[in-house]
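Try each task before you read its solution.

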Amino acid sequence: MSSDEALKIAESKDRDLVMISPAAKPPVCKIMDYGKYRFEQSKREKEAKKNQRVMDVKEIRMSPGIGENDFNTKLKNGQKFLADGDRVKVTVRFRGREMAHTSIGEALLRDYAKKCADIANMDKEPKLEGRSMSLFLSPKSQVQLKKEQKARKQAEEKKAQEARAEAGDQADKTAQ
């Protein structure tokens with residue numbers, strides 16, 4: 001169909017002729033109300049923006065000589081941040097002679113990451129930058145959490161079945 005014919009049809013229907021794919025041979029056009037299309041498109045974009053959530057990065061600072069209870073408090077705060085959907089930057093600051101023992105700080109960060117492993121992924125390995133060593137954790141998506149829960153549940157069911165089968169074997173042996 002020629003472009004003149006298409007324009008006439010569009011004008012007779014009181015609509016616009018919009019080029020969808022100008023690079024195609026022949027070009028693809030569509031007859032539509034362009035103002036209504038733009039309004040609906042902006043409405044969809046606003047809705048998408050409304051549903052978006054900006055991830056904040058929360059920082060937790062420690063020193064290499066942190067006590068067990070203080071560490072647990074920092075751990076709980078970090079888990080709360082992760083549950084809220086924020087990323088967490090865990091930092092160990094070294095002062096003075098502590099710089100000679102960066103392995104202690106690395107072990108502390110790895111322990112922190114291990115204890116948050118059920119709700120978070122480690123984005124970056126512990127990295128020494130100047131006098132501080134940091135590690136990034138991001139919350140696991142709901143899909144990942146459900147998969148892990150399902151896998152754990154299946155493993156528990158399998159163990160329970162094996163235990164029942166073993167108990168049944170022992171009952172048979174005692175009956176004989």
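## Exercise 1: Salt bridges in a helix

D111 and K115 form a salt bridge, with the closest N and O atoms 3.7 Å apart. The term stands for a side-chain nitrogen of Lys or Arg within 4 Å of a carboxyl oxygen of Asp or Glu. A word on the source: this is a predicted model, in which local features need pLDDT of at least 70 and side-chain atom pairs count only at pLDDT 80 or more, while totals for chains, interfaces and linings use all residues. Residues are numbered from 1 along each chain as its sequence is written, and side-chain values use heavy atoms, with hydrogens and water left out.

**Task.** Find where D111 and K115 lie, and how many residues apart they are.

**Solution.** Start with the helix: D111 and K115 both lie in helix α4, 4 residues apart, about one turn of the helix. Helices here are DSSP runs (H or I, at least four residues), as are strands (E, at least two), numbered from the N terminus. Next, check accessibility: D111 counts as partly exposed at 25% relative accessibility, and K115 does too at 34%. The cut-offs are under 20% relative accessible area for buried, over 50% for exposed, and partly exposed in between (1.4 Å probe, protein chains only).

## Exercise 2: An aromatic pair

**Task.** What is the geometry of the pair F71 and Y112?

**Solution.** Begin with the rule: rings of Phe, Tyr and Trp (its six-membered ring) pair if their centres lie within 6.5 Å, and planes under 30 degrees apart count as stacked, over 60 as edge-to-face and the rest as tilted. By this rule the count is 2 aromatic pairs. The rings of F71 and Y112 have centres 5.8 Å apart and planes at 85°, so the pair is edge-to-face. Now place them: F71 is in helix α3 (residues 68–83) and Y112 in helix α4 (residues 102–115), 41 residues apart. Finally, both F71 and Y112 are buried.
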